[in-house]
Amino acid sequence: MKLCFNEATTLENSNLKKDLEYCNKHGYDYIEIRTMDKLPEYLESHSMDDLAQFFNTNHIKPLALNALVFFNNRSEKEYKEVIEEFKSMLETAQKIGAQYIVAVPLVTEQKIVKAEIKDSCVQVLNELSELAEPYGVKIAVEFVGHPQCTVNTFGQAYDIVQAVNRDNVGLVFDCFHFHAMGSKLEDLKQADISKIFIVHIDDTEDFPIGFLTDEDRVWPGLGAIDLDAIFSTLKEKGYKDAVSVELFRPEYYQLSAEEAIKTAKETTIKAISAYYSFEATKSYS
């Protein structure tokens, strides 16, 4: 299995330049680049050519651009803005060699019936799929395990991806989001594993379903998520792509960036070493 770093894990104590340096040094294979903040900050003093050159000359590679947010159930004006943002992300992905663009469903206080949510998601994802095909980029839909997210369980997200039925549209399987709204392990066991493009690993404090927030995440293996059940199932079903560690823990932002990146790697490998082995154990410094 390949090891990936999601930049949310050092959201407040690092930047893209440092994340790249330390992740490459500590043997990560991939990085998920935050397009909302860290990439724009990087481009204030570097070019996209600089970023592409870094990936061309180092071990670490870009797995995904994270993220196209709130793509479904939007107004006509908002929808056009989503499409234009996606087109720009496709150009970036092609330039630096990113395989995926993560797409996050709408989070809202408004109540929307599930049929309308599905219809909108399917319509938008079909259009995004057609736009992405010439670029060879895939769309990884990430359900969010919070009550206010329009797509908040694995089963709901998988149903949408199945309805889209395109090779370049699949899912991000985030362990925290899977746990946070009580997604069913049986749904994962019955799923087509080829529809899971990226796995996010994390853990969480043991709060009740529906009350968990991103800030409750802890290092993999140190919380209440049944990672053994999840990763034994993924292994049995043949998942062998990237696992990306993603945390939003406020006290972890008090660590140095390098310490956080080292700890993320160590806890991830320890948490799932019974099911997967990693090549990403050497230093490239």
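This is a predicted model: local features need pLDDT of at least 70, side-chain atom pairs count only at pLDDT 80 or more; totals for chains, interfaces and linings use all residues.
Residues are numbered from 1 along each chain as its sequence is written, and side-chain values use heavy atoms, with hydrogens and water left out.

**View 1. The closed barrel of eight strands.** With parallel pairing, the barrel runs E1-E2-E3-E4-E5-E6-E7-E10, where strands (E, at least two residues) and helices (H or I, at least four) are DSSP runs numbered from the N terminus, and two strands pair if DSSP finds at least two bridges between them. From one strand to the next the twist averages 30°. Strand E7 (residues 196-201) and strand E10 (residues 242-245) pair in the parallel sense over three bridges, and His-200 has Ser-244 in E10 as its bridge partner.

View 2. Five of the five residues of E2 (residues 30-34) are buried, so the strand is largely enclosed by the rest of the structure; buried means under 20% relative accessible area, exposed over 50% and partly exposed in between, with a 1.4 Å probe and protein chains only. Tyr-30, Glu-32 and Arg-34 lie on one side of E2, and Ile-31 and Ile-33 on the other.

**View 3. The packing of helix H3 against helix H4.** Helix H3 (residues 48-57) and helix H4 (residues 76-96) pack at an angle of about 40°, with their axes 8 Å apart, which makes H3 oblique to H4. Axes are lines fitted to C-alpha atoms, for helices over the stretch in contact, and angles run from 0 to 180 degrees between N-to-C directions; those under 35 degrees count as roughly parallel, over 145 as roughly antiparallel, 65 to 115 as roughly perpendicular and the rest as oblique. Met-48, Asp-49, Leu-51, Ala-52 and Phe-55 in H3 meet Thr-92, Lys-95 and Ile-96 in H4, contact being heavy atoms within 4.5 Å.

**View 4. Ser-129 in helix H5.** Ser-129 lies in helix H5 (residues 114-132) and is buried, with a relative accessible area of 0%. Not counting residues up to four places away in sequence, Ser-129 touches Ile-139, Arg-166, Asn-168 and Val-169.
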